[in-house]
Amino acid sequence: MKKVRIAAFAVLIVGLLVGYFVYSTERAGEESRFPFSYGLDLDGGTRLVYRADVSQLAGTDVEGAMETLRQTIERRVNLFGVSEAIVTTETGSVFGATEDGQRLSVELPGITDVSQATDLIGKTPLLEFRLGTDETQGKLLLAQTASTTDSARAQIYNAYEHTGLTGGQLKRASVVFGSQMSASPQVLLQFDGAGADLFGDLTAKNIGKEMAIFLDGNLLSAPVIQTEILGGEATITGNFTAVEARDLVENLNFGALPVPIELIETSSVGPSLGRVTLVEGVYAMMIAFSIVSLFMIVWYRLPGVVAVVSLAMYAAITFALFKLIPVTLTASGLAGFILSLGMAVDANVLIFERILDERKRGVALKDAITTGFSRAWPAIRDGNITSILAAVIMYWMSSAAVVKGFSLVFLLGVLTSMLSAIVVSRTFLMLFTNLSPRAERLLFGVGFNKN
């Protein structure tokens with residue numbers, strides 16, 4: 001009995017410490033090191049959806065290009081100080097990638113100005129290296145760059161072949177100057193390992209052809225390949241001013257896109273509307289917890305009180321995990337938490353009913369508790385495993401942030417509920433195994449029965 005009391009005391013202390021951690025870090029407000037992270041629907045912000053043009057890529061290259069695109073955009077918005085930005089890729093077709101099915105979703109919490117949000121993304125340039133053909137007629141095409149019409153630019157762009165070498169393989173850009181005093185600034189590009197290999201292979205196989213350099217579809221220069229170029233370095237000479245060269249280098253270092261993107265959808269949630277949703281979600285959790293607690297206490301009496309303590313510790317541990325991981329909470333995530341709360345109650349109900357069955361057979365209370373837990377465990381285990389598998393599959397298969405948020409919160413809740421039901425409830429129930437027969441009948445009865 002002494003060991004049981006020590007274990008119960010230790011569990012209680014841990015629960016109180018975890019609860020205090022959640023309370024104190026939230027009370028600290030903006031100065032907290034571990035604040036809750038809220039999604040757009042709870043905190044306000046802007047969501048941008050882009051269509052990625054992967055028509056020039058082979059099917060095997062699409063996934064890698066989309067991941068590079070995601071990383072590039074994420075790196076860029078982070079450089080502008082947008083905290084907790086969520087950048088994800090989405091496939092519009094359930095049967096796999098298609099030319100029109102590749103999407104990039106960018107969620108920017110705290111930014112409700114759509115024009116500001118699009119500026120953060122839209123300034124990122126698309127740098128491409130395209131190969132000339134025998135019909136290119138480079139000098140004529142270069143002369144046409146003076147034309148500002150879209151049709152002329154498209155004609156020039158389409159005259160060169162796609163090579164797969166883009167700003168996505170760029171490692172670093174810098175401004176350099178020629179040896180002459182009158183030389184205009186140039187932009188020196190350094191590719192990463194894959195880009196350097198591809199650049200070397202292209203220059204080795206296409207000596208005598210033009211390697212055109214396009215920025216956002218505009219031809220900057222079209223130098224003729226004289227020899228194989230190893231080392232992964234290339235120079236852009238576009239008659240830049242010093243300011244233009246500096247701005248180009250800055251944008252390229254922020255992240256040049258591997259494929260073109262087009263903005264197709266924007267949506268924004270004001271901070272006041274998001275706050276209303278958050279408050280309503282918190283009220284829903286409180287009401288759900290109160291109703292469940294009241295039912296458990298009225299119906300199961302002392303075990304019900306133990307279940308409520310277990311649920312409180314479950315909630316504290318789950319909230320602490322949300323802060324430490326951290327998990328971005330959305331309205332769907334709050335729904336997942338409330339659903340996992342029901343799973344936690346379900347485990348306690350199974351345990352208590354098994355204990356009642358053992359007591360009806362005349363088994364002593366201590367043995368009834370032990371046997372009840374052991375017999376309830378297979379049902380709890382199997383039920384929770386199916387829920388865990390469903391959550392993992394939803395998280396893995398879905399590309400939508402809403403579904404991922406729901407499945408992650410639900411998964412953490414189910415795992416924590418198993419711990420609270422088996423460890424916390426059992427530890428506290430074992431404290432009450434030496435009651436008098438009358439107290440046992442009163443405290444371990446069920447429903448409105450007198451016994």
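**Figure 1. Overview of the chain.** The chain comprises 14 helices and 13 strands; helices (H or I, at least four residues) and strands (E, at least two) are DSSP runs numbered from the N terminus. The model is predicted: local features need pLDDT of at least 70, side-chain atom pairs count only at pLDDT 80 or more, and totals for chains, interfaces and linings use all residues. Residues are numbered from 1 along each chain as its sequence is written, and side-chain values use heavy atoms, with hydrogens and water left out. Of the 451 residues in the chain, 42% are buried, where buried means under 20% relative accessible area, exposed over 50% and partly exposed in between (1.4 Å probe, protein chains only). Of the contacts in the chain between residues at least 6 apart in sequence, 75% join residues at least 24 apart; contact means heavy atoms within 4.5 Å.

**Figure 2. Packing of helix 1 against helix 10.** The axes of helix 1 (residues 2-27) and helix 10 (residues 302-324) come within 9 Å and cross at roughly 45 degrees. Helix 1 is therefore oblique to helix 10. Axes are lines fitted to C-alpha atoms, for helices over the stretch in contact, and angles run from 0 to 180 degrees between N-to-C directions. Angles under 35 degrees count as roughly parallel, over 145 as roughly antiparallel, 65 to 115 as roughly perpendicular and the rest as oblique. The crossing of helix 1 and helix 10 is left-handed, a term for a near helix turned anticlockwise from the far one by less than a right angle, with right-handed used if the turn is clockwise. From helix 1, Val11, Gly15, Val18, Gly19, Phe21, Val22, Thr25 and Glu26 meet Met313, Ala316, Ile317, Phe319, Ala320, Lys323 and Leu324 of helix 10. The residues of this contact divide into 10 nonpolar, 3 polar and 2 charged. Here Ala, Val, Leu, Ile, Met, Phe, Trp, Tyr, Cys and Pro count as nonpolar, Asp, Glu, Lys and Arg as charged, and the others, Gly among them, as polar.

**Figure 3. Packing of helix 10 against helix 11.** Helix 10 packs with helix 11 (residues 331-360) at an angle of about 145 degrees, their axes being 10 Å apart. The crossing of helix 10 and helix 11 is right-handed. Helix 10 contributes Pro303, Gly304, Ala307, Leu311, Tyr314, Ala315, Thr318, Phe319 and Phe322, which meet Phe337, Ser340, Leu341, Ala344, Val345, Asn348 and Phe352 in helix 11. This contact consists of 12 nonpolar, 4 polar and no charged residues.

**Figure 4. The two ends of helix 10.** Arginine 301 lies in the loop between helix 9 (271-300) and helix 10. The phi of arginine 301 is positive, about 60 degrees, although the residue is not a glycine. Arginine 301 is buried, with a relative accessible area of 16%. Proline 326 is found in the loop between helix 10 and strand 13 (328-329). The peptide bond leading from isoleucine 325 to proline 326 is cis, with omega near -15 degrees.

**Figure 5. The open sheet with strand order 3-4-2-12.** Its 4 strands follow the order 3-4-2-12 with antiparallel pairing; two strands pair if DSSP finds at least two bridges between them. Strand 3 (86-91) and strand 12 (261-269) stand at the edges with a single partner strand each, so one side of each has no neighbour in the sheet. Neighbouring strands of this sheet are turned against each other by 20 degrees on average, direction ignored. Strand 3 is joined to strand 4 (residues 102-109) by 6 bridges, and the two run antiparallel. Threonine 89 stands opposite leucine 104 in strand 4.

Figure 6. Strand 7 and strand 8 (residues 185-191) run antiparallel and are joined by 7 bridges. Leucine 170 has phenylalanine 191 of strand 8 as its bridge partner.

**Figure 7. The surroundings of serine 387.** Serine 387 is placed in helix 12 (residues 365-397). This serine 387 is buried, with a relative accessible area of 12%. Not counting residues up to four places away in sequence, serine 387 touches Met343, Phe410 and Val414. The C-alpha atoms of serine 387 and leucine 411 are separated by 7.7 Å, the two residues being 24 residues apart along the chain.
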